[in-house]
Amino acid sequence: MIFSSAARAGAARNLVQKVLERHVVGGTGVHGVAAGDFISVRPWRVMTHDNSHAVIQKFRGLGASKIKDPSQLVFALDHDIQNKSEANLKRYASIESFAREQSVDFYPAGRGIGHQVMVEELYAEPGSLCVASDSHSNMYGGVGCLGTPVVRTDAASIWGTGRTWWRVPPVISVELRGRLPKGCSGKDVIIALCGFLNRDQALNHAVEFCGEGVSTLSIEDRLTIANMSTEWGALCGLFPADDVTLDWWAQRAQVVGKQRPGADRILPSAGLRVERAQRLVDELKANPIRADDGASYAQSFMLDLSKLSPLITGGNTLKHAEPASEAKGTKIHKAWLVSCVNARSGDIAAAAKELRGRKVAPWVKLYVAAASSEVQASAEQAGDWQVLMDAGAIELPPGCGACAGLGAGQVEAGEVGIAATNRNFKGRMGSRDGIVHLASPAVVAASAAEGYITAPRDSVTAGDAGSAVHVVNGADVASSQTAKAGTHLEELVEGFPRAIEGELLWCGADNISTDGIYHGRLMYEDLSPEQMADAAMENYDPSFVQSVRSLKSPILAAGSNFGTGSSREQAAQCLKYAGVEALLAGSYSATYTRNALNNGLPIFESPGLMRYMQERFGQGTENAIEHPTVRTGLKVKLDLEAWQVHLLDAQAGGQPVASFNLQPLGAAAQELLACGGLEPWIKKHLD
């Protein structure tokens, strides 16, 4: 077999468990894996993009000089490729030089978005575990590969050791039934899940898609759904490696080793990838990897594809969905067909169908960037690309661009836009005073032509799209995301603080995103700690830094799902540099938790404290909150030996106000914090 396998005897296993068991190393998971287990894994591949420059610095900072396994790594420059400044070109040149020195597969700016490269170049293999230092690595699940994000420090660790750690998440099953109506696509499926199951049901879970409806979905639709499972809160979105997947993989194996339009530079590793792909297809057709009958799931949902309509998200939020036809009359100023979620050949064809013989409305700018140079070449050969250009679209190079708030085409203050991207947090795609809705390429193109949000011309409105989603086996959201706080006391490791004290600052919004914490336009700027501190939370609340600097030993409390969105490490670093002693929230994105722990920022969950603060000081969202940052006048003491947080009235001589349980941190997390983060921990163990 191409991968090894371990199994917990007698237990029915889901697909996530089976894939993970192929990659466990170091004595962990030898008898199988279960939700909650901390395991050491060797990912099949790890992709980094523009952030490779920062990872190289971390790698060298660890005292390492040689990549453990160069074949494990893929570099693809994709985010800031429109930036032709001397500083950025120097960064890109240094990444390419390092790749050449270490024999790492390298894809230059303009070749395509890293996630698309991982799939179309046969890196993200069905049945494997692949990671990337980017939150949309979930996309690999569309071809049956368990894709999940890591952060920059994790990537450096993998470069040096070949492995990383993962906590096995609880798994959700989503059964798909029926067939998509005319005018609908995979984008409508994931918008429905995000917009109708919008109470963080999937937060920090793995998601498996199953059911007879799966076979009706194209690979492109599956990639879209898996990609945006990130926005649903999931750590991965895994489709089965069925005949559709394996036939597509076999077809790609016929072309990857050859020069072709848009991909005329063939890397030396291509032959090996093609050979493996052919063997893998034969193996998985003979011995499919699928969930066992009776496998256990934390929650189960069903979605009837036939009941969907072309949908849009709310403005600057993914937690609302409605038929595009009901938003008719909403004037737009910009439209985008870009990003790793929806800029493949089928997406461009769907947009061309809406724009053939038409023009983009005079007051609208439509920006188009293919997911890769090969995709663009394919669309050009089909004639679809020229249709978009003839309609007045503005061509951008294959890359992330405006989706990440970089380069041309950003939303301006007062503008409304509609995008086939995957994320529309406030301010992400430009001005925090602009509004962006998300939709399928067909809806985006139809709306660009009309100048107003509208459904595709020949689409079918199926009535109440919300009725397509059903809860089969639900769970209390808070309890399914994490173990109950205060049920046991974790013994404290040496060097871990016994108490942390400070003044309490309240940022009461739920789902504060990493775009709100540290804006994407700064991702690839080489800023000092002081400059990063100045930028902390500015897109959420421009007055935050002034508030935090007015307090002595500030401790920041927030709502649920703090740090959702991008995997950018600076969203933890900037708060630490701003002087925040510790974070308290109802819950966090698991990726943000990794970033905080890896950077030595103490981070604790306390749902009870969150509810108290919401009742006393208010709550809201990034888009709608009356007082985004509140200086509470409370002192706070974290008693970590008892795993409790105590609030004290600073105006009344420190009189007790209330106490709440903290979710205990395990020994591994404590050890990271005791060492000051993952880098010092690695250095300590290397020494």
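A cavity is a set of grid points where a 1.4 Å probe fits but cannot get out, and its lining residues have an atom within 4 Å of a point. I needed that before opening this model, which is predicted.

**Entry 1: cavities**

I looked up how many cavities there are of 30 Å³ or more, and the count is 5. I then took the largest cavity, which has a volume of about 230 Å³. I found 23 residues in its lining. Those nearest its centre are His-49, His-79, Asp-134, Arg-428 and Ser-566. I sorted the lining of this largest cavity by class and noted 7 nonpolar, 11 polar and 5 charged residues.

Next I turned to the second largest cavity, with a volume of about 140 Å³. I see that 18 residues line this second cavity, and that Thr-230, Gly-233, Ala-234, Gly-565 and Ser-589 are the closest to its centre. Its lining divides into 6 nonpolar, 10 polar and 2 charged residues.

**Entry 2: strand E2**

I checked both faces of strand E2, residues 45-48. In a regular strand the side chains alternate between the two faces of the sheet. On one side of E2 I found Arg-45 and Met-47, on the other Val-46 and Thr-48, and all of these are buried.

Which strands pair with E2? One is E5, residues 129-132, which runs parallel to E2 and is joined to it by 3 bridges. Here Arg-45 has Cys-130 as its bridge partner. Another is E3, residues 73-76, also paired with E2 in the parallel sense over 3 bridges. In that pairing I traced Val-46 to its bridge partner Leu-73. I followed the chain elements E2, helix H2 (residues 52-61) and E3, and they make a right-handed β-α-β unit.

**Entry 3: helix H6**

Is helix H6, residues 186-196, mostly covered or mostly open? I noted that it is mostly covered, with 10 of its 11 residues buried. Among the buried residues are Lys-187 and Asp-188, as well as Val-189, Ile-190 and Ile-191.

**Entry 4: the sheet with E8**

I wrote down the strand order of an open sheet of 5 strands as E10-E9-E8-E11-E19, with mixed pairing. Strands E10 (236-238) and E19 (469-473) stand at the edges; each has a single partner strand, so one side of each is left without a neighbour in the sheet. Neighbouring strands in this sheet are turned by 25° against each other on average, direction ignored.

Within this sheet I looked at E8 (residues 171-177) and E9 (residues 206-210), which pair in the parallel sense over 5 bridges. I found Val-174 standing opposite Phe-209 in E9.

Conventions. Residues are numbered from 1 along each chain as its sequence is written. This is a predicted model: local features need pLDDT of at least 70, side-chain atom pairs count only at pLDDT 80 or more; totals for chains, interfaces and linings use all residues. Side-chain values use heavy atoms; hydrogens and water are left out. On a 1 Å grid over the protein atoms alone, a cavity is a set of points where a 1.4 Å probe fits but cannot get out, and a pocket is an open set with protein on both sides within 12 Å along at least five of seven lines; lining residues have an atom within 4 Å of a point. Grid points are joined across faces, edges and corners, and a volume is the space filled by probe spheres set on the points. Ala, Val, Leu, Ile, Met, Phe, Trp, Tyr, Cys and Pro count as nonpolar, Asp, Glu, Lys and Arg as charged, and the others, Gly among them, as polar. Buried means under 20% relative accessible area, exposed over 50%, partly exposed in between (1.4 Å probe, protein chains only). Helices (H or I, at least four residues) and strands (E, at least two) are DSSP runs, numbered from the N terminus. Two strands pair if DSSP finds at least two bridges between them. A crossover is right-handed if, with the strands pointing away from the viewer, the path from the first strand over the helix to the second runs clockwise. Axes are lines fitted to C-alpha atoms, for helices over the stretch in contact, and angles run from 0 to 180 degrees between N-to-C directions.
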